[in-house]
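Welcome! Here is a short briefing to read alongside the structure below.

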Amino acid sequence: MVSQTTTMISPHVCVIGAGPSGLAAARELRKEGHNVVVLEQNHDIGGQWLYTPNIETEDPLGQKNKFLSVHSSVYASLRLTSPREIMGFTDFPFAVKEEKGRDTRRFPGHRELWLYLRDFVEHFGLRELIRFGTRVEYVGMLEAKKENMKWIVKSTTAEKTVEEVFDAVVVATGHYSKPRLPSIKGMDTWKRKQMHSHTYRVPAPFRNEEVYLSAKSLNNVTQAFSNVVSKRHNLFLRPQISFLHEDGRVFFSDGSSVVADTILYCTGYSYTLPFLDTKGIVGIDDDRVGPLFEHTFPPSLAPSLSFIGIPRKLIAFPFFESQAKWIAQLLSGKKTLPPYNEMIQSIEEFYQSRDLQAIPKHNTHDIASFEYCDKYGDYVGFPHLEEWRKQLCLNALINSEVNLETYRDSWDDDELLQKALLSPHFTQLEP
């Protein structure tokens with residue numbers, strides 16, 4: 001029960017979220033001399049990587065409540081899809097730890113990445129900056145003048161509600177929690193179980209059941225995935241679902257149908273900012289968050305409001321670092337943003353380029369470009385991605401397309417791996 005409301009004046013920077021992007025922000029902001037407070041709704045660091053086995057409190061489709069009760073979408077058997085060598089922060093490699101309970105594989109399970117983040121927090125002394133069990137309910141402008149922008153942040157714990165005033169807010173809440181659902185005729189009246197992969201954890205509830213995998217286009221199903229399906233006697237590929245009948249039948253676009261007990265939607269995730277009130281300046285339109293200059297800064301509110309971790313399909317941790325450094329140096333006055341009109345023009349030109357490539361709006365923030373990461377780093381003098389890091393990333397992608405089941409445990413890039421392990425990135429922490 002919330003029993004107390006307190007108002008404080010805190011001339012600090014507020015970071016929302018203690019996942020990888022929030023931790024990177026906290027480290028760089030403090031390094032730049034800012035007073036930092038990190039508000040984290042869970043009991044520990046990690047964000048998406050803090051595995052939550054109990055999902056009973058969450059709506060199976062994640063749509064009923066303004067705030068999700070479960071943040072992580074990680075399932076029990078999840079392993080990384082990228083090799084550990086490419087994933088570490090630039091000054092803190094994701095190295096193998098020969099300790100009890102650690103996962104030494106190149107593509108470890110999710111817990112090993114959480115342990116890496118825990119090690120990062122302890123190494124840089126970040127835990128003291130974080131308030132755990134604190135959910136942000138509201139962020140809004142207190143002073144609307146850009147030269148003296150202030151933000152009021154309302155947060156709740158089990159005991160109290162706190163309203164604080166900050167000079168700047170960094171939003172680092174991730175984008176793999178809020179289910180993105182399709183629109184299928186009959187969804188609202190279908191009487192059997194429907195759930196999103198956000199609440200999938202273990203396969204036991206589906207044991208001995210037939211599983212039908214519906215794809216929007218069977219032509220887009222990779223050969224590696226088809227090979228996996230062909231090896232399972234109870235796994236079948238089907239075309240796109242056309243409608244659902246309330247008696248349990250599922251009809252596909254080719255006219256075929258099956259009777260199903262459960263529909264599990266593996267349809268991705270949406271950006272959500274349920275706490276943020278910018279009077280319409282920043283919005284989400286079909287998963288396009290904006291307007292944001294370089295996916296980070298709303299031109300009329302920056303640098304007092306910024307977003308870290310919005311882009312997808314890139315080597316995340318080094319990119320988070322470059323974002324965090326830029327934000328920190330803007331707030332200290334070391335760097336300045338381009339004029340407002342130039343930022344707006346840049347955003348419009350980016351949107352136009354996506355339209356010309358016929359990229360759907362909901363894929364606005366899918367980057368998939370090493371060159372973009374390097375260009376972004378140039379704003380703040382951040383080093384370009386190493387060639388070995390880029391090539392190891394590409395190798396994993398190529399190998400996964402050849403053999404989805406075994407690529408994590410069978411590879412042929414030992415020479416490149418040795419080059420990575422002997423690079424300054426991995427040798428920097430040696431005694």
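A358 sits in the loop between helix 5 (340-356) and helix 6. In this predicted model, A358 has a positive phi of about 60 degrees, although A358 is not a glycine.

**Backbone: positive phi**
- A358 counts as exposed because its relative accessibility is 64%, and the cut-off for exposed is over 50%.
- D287 also has a positive phi, of about 65 degrees, and is not a glycine.
- You will find D287 in the loop between strand 19 (283-285) and strand 20.
- D287 counts as buried because its relative accessibility is 4%, and the cut-off for buried is under 20%.

**Backbone: cis peptide bonds**
- G290 and P291 are joined by a cis peptide bond, with omega about 5 degrees.
- A302 and P303 are also joined by a cis peptide bond, again with omega about 5 degrees.
- P291 belongs to the loop between strand 20 (288-290) and strand 21 (305-307), and P303 lies in the loop between strand 20 and strand 21 as well.

**Cavities**
- The whole structure holds 3 cavities of 30 Å³ or more.
- The largest cavity has about 90 Å³ of space, and of its 13 lining residues, V171, T173, G174, L273 and I310 are the closest to its centre.
- Its lining has 8 nonpolar residues, 5 polar and no charged.
- The second largest cavity has a volume of about 60 Å³, and its lining includes I315, F319 and D374.
- Helix 4 (316-332) and helix 6 (370-378) each give two or more residues to that lining, with helix 4 providing the largest share, 3 residues.
- The lining of the second largest cavity divides into 7 nonpolar, 1 polar and 1 charged.

Methods:
Residues are numbered from 1 along each chain as its sequence is written. This is a predicted model: local features need pLDDT of at least 70, side-chain atom pairs count only at pLDDT 80 or more; totals for chains, interfaces and linings use all residues. Side-chain values use heavy atoms; hydrogens and water are left out. On a 1 Å grid over the protein atoms alone, a cavity is a set of points where a 1.4 Å probe fits but cannot get out, and a pocket is an open set with protein on both sides within 12 Å along at least five of seven lines; lining residues have an atom within 4 Å of a point. Grid points are joined across faces, edges and corners, and a volume is the space filled by probe spheres set on the points. Ala, Val, Leu, Ile, Met, Phe, Trp, Tyr, Cys and Pro count as nonpolar, Asp, Glu, Lys and Arg as charged, and the others, Gly among them, as polar. Helices (H or I, at least four residues) and strands (E, at least two) are DSSP runs, numbered from the N terminus. Buried means under 20% relative accessible area, exposed over 50%, partly exposed in between (1.4 Å probe, protein chains only).
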